[in-house]
2 protein chains.
Amino acid sequence: MLEIQNQRVGFLGPSGTYTEEALLKLLPVDDGDLVPYPTEADVIMAVERGEVGRGMVPIENSIEGSVNVTLDVLAFEVDLFIEREIVIPISHNLVAKPGVKLENITTITSHPQALAQCRNYITDKLPGVNIELASSTAGAVKLVSEQNGALAAIGPRLAAQMYGLNILDADIEDFEENQTRFVLVGKEPTPRTGHDKTSIICFIFEDRPGSLLQILQEFAYRHINLTKIQSRPTKKALGDYCFFIDLLGHVEDEAVASALKCLRCKIREVKILGSYPMANAMEE
Amino acid sequence: MLEIQNQRVGFLGPSGTYTEEALLKLLPVDDGDLVPYPTEADVIMAVERGEVGRGMVPIENSIEGSVNVTLDVLAFEVDLFIEREIVIPISHNLVAKPGVKLENITTITSHPQALAQCRNYITDKLPGVNIELASSTAGAVKLVSEQNGALAAIGPRLAAQMYGLNILDADIEDFEENQTRFVLVGKEPTPRTGHDKTSIICFIFEDRPGSLLQILQEFAYRHINLTKIQSRPTKKALGDYCFFIDLLGHVEDEAVASALKCLRCKIREVKILGSYPMANAMEE
C-alpha cells in the first residue's frame with residue numbers, strides 16, 4: 001500500500017476510460033479522490049503543480065507504440081518520478097445508442113489510437129464511414145450518448161455501461177495481443193523491491209552518430225537487459241534524437257548505478273524517470 | 001524528372017495540405033493527376049492497388065516524431081519503395097472566418113500532430129478552449145469554412161486562402177525548427193545518384209536482447225552513418241519491436257550491400273524500403 005500525502009489522484013478522463021480502469025486495479029482510490037483531466041499532459045502538469053498527489057497516464061500500447069505526449073511531458077516539462085506501472089489487456093467495443101444497428105452507422109468516433117488499433121475492422125465492416133477523432137475513448141462514448149443519429153463509438157465496455165449504450169460488436173481490435181502499459185507518476189522515488197524496472201532518457205551530443213552504440217554497450221557489458229528503446233525527437237532539428245530506455249533493475253542496484261555513472265561521462269545527460277516494481281512481479 | 005507510367009499521384013488530402021505543398025515542390029504534377037485521399041494509409045494502399053502511380057505521405061516531423069501509420073503500412077501491409085524524400089519547414093496559423101476574433105473562439109480543431117506542435121500556444125492564448133481533432137490540417141480549415149460560430153482551425157496558409165478564411169495569428173508553433181519529411185512511394189527502385197539514403201526495417205528474433213547492438217555494430221564497422229533509428233512495436237506483444245533505420249548510402253554501394261548481407265545472417269529479416277536521393281542533395 002502506497003502512502004499518499006495528497007490523496008487525490010488525477011487520471012486521463014472522463015469517467016470510464018481504460019486509464020481509470022487501470023488506476024483502480026493498481027490502487028484503491030476513493031471516488032471523491034479521483035480527478036479526471038482532459039489530456040495526458042494535463043494529468044502530469046496537475047501532479048507537477050501539486051493539484052493532485054499522483055497521476056495515472058497511458059505510456060505505451062502493444063499495437064500503436066508509445067504515447068508521445070506522455071513521453072515528451074515527462075522528458076521536457078516536469079521533474080517527476082514514475083512510481084508504479086501496470087499493464088492491462090485492451091478490448092475495444094463498437095457502441096451505439098439502443099436501437100441503432102451496424103448498417104445504420106454513418107459516423108464513428110474514438111481516440112486516434114483506438115481507431116488505429118481497429119483499422120482493418122473499420123475497413124471491412126464499416127467501409128466509407130465518416131471518422132471523427134475524440135480525445136479519449138470514454139469521451140467518444142459519452143459523445144454518442146449525447147447525440148441522436150447514426151453515430152457510434154469505439155470504446156471500453158465500462159464506459160458503454162456507464163453511459164447506457166449498447167455494445168454492437170465486442171473485441172473488434174485487429175490484433176490479438178492488445179495491451180496498454182500505464183504509469184503512476186508522482187514526486188517520490190520508489191524503494192527497491194528486488195523485481196524492479198528503471199526508466200531513463202539519454203540525451204546525446206549532436207553529431208556523434210555512435211552514441212547509441214556506446215549506450216547499449218554499457219548495459220550489455222554489465223548484463224543489464226533492456227525492455228524498451230524508443231527514439232524521440234528533441235524538438236530541435238529533424239534527426240536530433242534522445243532515447244527512452246527501460247531496463248531491468250533499480251537505480252540502487254550496483255550494476256545499474258555503475259552503468260549510469262559511466263554513461264554520464266559519455267553522453268550529454270541521463271535523466272532518471274524512476275525505478276519501480278515490474279508489472280508482472282506486482283501481480284504475483 | 002521522374003518517368004511515371006501511371007501519371008496520377010495520390011496525396012494526403014484534402015486540397016491545401018502540407019503534403020500537397022511538398023508534392024508540388026518535388027514534382028510537377030498536373031492538377032488533373034492529383035488524387036487526394038483521406039488518410040496516409042489510404043494513399044499508400046492506392047499505390048499498392050495501382051489506382052495511382054505514386055503516393056505522397058508525411059513520414060516524420062521534427063517536433064512530433066514519426067507518423068506511425070505511414071511506418072506501419074509500409075512495414076506490414078505493402079511491398080513498395082520510397083522513391084524520393086523532401087523536407088519542408090512547417091508553419092502553423094490560427095485561422096477563422098472573417099469577423100471572428102481571438103477572444104470569441106470557444107473551439108479549435110486540427111490534426112493531432114498540429115495541435116501537439118502548438119500545445120504551449122493553446123495553453124497560453126486560448127486557455128480552456130474546446131479541442132476537436134481532425135484527420136488533416138486542411139480538413140480542419142475546410143470544416144471551419146463550412147460552419148458558423150466561434151470555431152477556429154490550426155492549419156496551412158495555403159488552405160486558409162483556398163477556403164476564404166482569415167489568419168488570426170501566424171507561426172504559432174511552439175518550437176522554431178518545425179520541419180516535416182515527406183516521402184514519395186511507388187513501385188520502382190530509384191537508381192544510385194552518389195548522394196543517397198536508404199531506409200530499412202530490421203526484424204529481430206524474440207528474446208535476443210543484444211540484437212540492436214549487433215545491428216549498430218555492423219554499420220559502425222563499415223563507417224556507415226545512421227540518420228534515424230526508430231523502434232516500433234511488431235504488434236505481437238508489448239516489448240516486441242522492429243527497428244526503422246535510415247542510413248547514408250545506396251543498397252548498390254559496396255559497404256551498404258555488405259552490411260545488409262551480414263545483418264541477414266544475424267537477424268530474422270531485413271526489409272528494404274528503398275534507396276533514394278537525400279533531400280539536401282536534391283535541393284542543390
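Reply: A residue is called buried if 20 or more other C-beta atoms lie within 10 Å of its own, exposed if 12 or fewer do, and partly exposed in between. The model is a predicted one. With that term in hand, helix 1 of chain A can be described.

Helix 1 covers residues 18–26 of chain A, and seven of its nine residues are buried, so by the cut-off of 20 neighbours the helix is mostly covered. The buried ones are A:Tyr18, A:Thr19, A:Glu20, A:Glu21, A:Ala22, A:Leu23 and A:Leu26. Chain A is divided into domain 1 (9–89 + 178–186), domain 2 (93–170) and domain 3 (196–283). The centres of domain 1 and domain 3 of chain A, taken over C-alpha atoms, are 22 Å apart. Each of these two domains of chain A gives 12 residues to the contact between them. On the side of domain 1 of chain A, helix 3 (68–76) and strand 5 (81–89) are the elements that give two or more residues. Strand 5 of chain A provides the largest share of that side, seven residues. By type, the residues of domain 1 of chain A that touch domain 3 of chain A are seven nonpolar, one polar and four charged.

One pair of residues can be followed by number. The C-alpha atoms of A:Pro277 and A:Arg84 are separated by 6.4 Å, although the two residues are 193 apart along the chain. A:Pro277 belongs to strand 15 (residues 269–277) of chain A. A:Pro277 has 19 C-beta neighbours inside 10 Å, and therefore counts as partly exposed.

Strand 15 leads on to its partner. Strand 12 and strand 15 of chain A run antiparallel and are joined by eight bridges. Within this pairing, A:Thr198 has A:Ser275 of strand 15 of chain A as its bridge partner. Strand 12 of chain A also pairs with strand 14 (residues 241–248) of chain A, again in the antiparallel sense, over seven bridges. There, A:Ile200 stands opposite A:Ile245 of strand 14 of chain A. Strand 12 (residues 196–203) of chain A is mostly covered, with seven of its eight residues buried.

The second chain comes in at this point. Chain A and chain B each give 41 residues to the contact between them. On the side of chain A, the elements that each supply at least two residues include helix 3, strand 11 and strand 13 (226–233) of chain A. Strand 13 of chain A gives the largest share, eight residues. The residues of chain A that touch chain B divide into 20 nonpolar, 12 polar and nine charged.

In soluble globular proteins, nonpolar side chains tend to be buried together. Here the largest nonpolar core has 147 residues, and A:Val141, A:Phe243 and B:Val141 touch the most other members. Apart from its neighbours within four places in sequence, B:Val141 has contacts that include B:Gly16, B:Val95, B:Ala153 and B:Leu165.

As for confidence, chain A averages a pLDDT of 89, and 95% of the residues score at least 70. The model has an ipTM of 0.73 and a pTM of 0.81.

Conventions:
Residues numbered from 1 in each chain as written. Chains lettered and ligands numbered in written order. Predicted model: local features only at pLDDT ≥ 70, side-chain atom pairs only at ≥ 80, totals over all residues. Domains from an automatic or database assignment. Contact = placed C-beta atoms within 7 Å. Helix = DSSP H or I, 4+ residues; strand = E, 2+ residues; numbered from the N terminus. Nonpolar A, V, L, I, M, F, W, Y, C, P; charged D, E, K, R; others polar. Core = buried A, V, L, I, M, F, W, Y, C linked by C-beta atoms within 7 Å. Pairing = 2+ DSSP bridges. pLDDT = per-residue confidence, 0-100.
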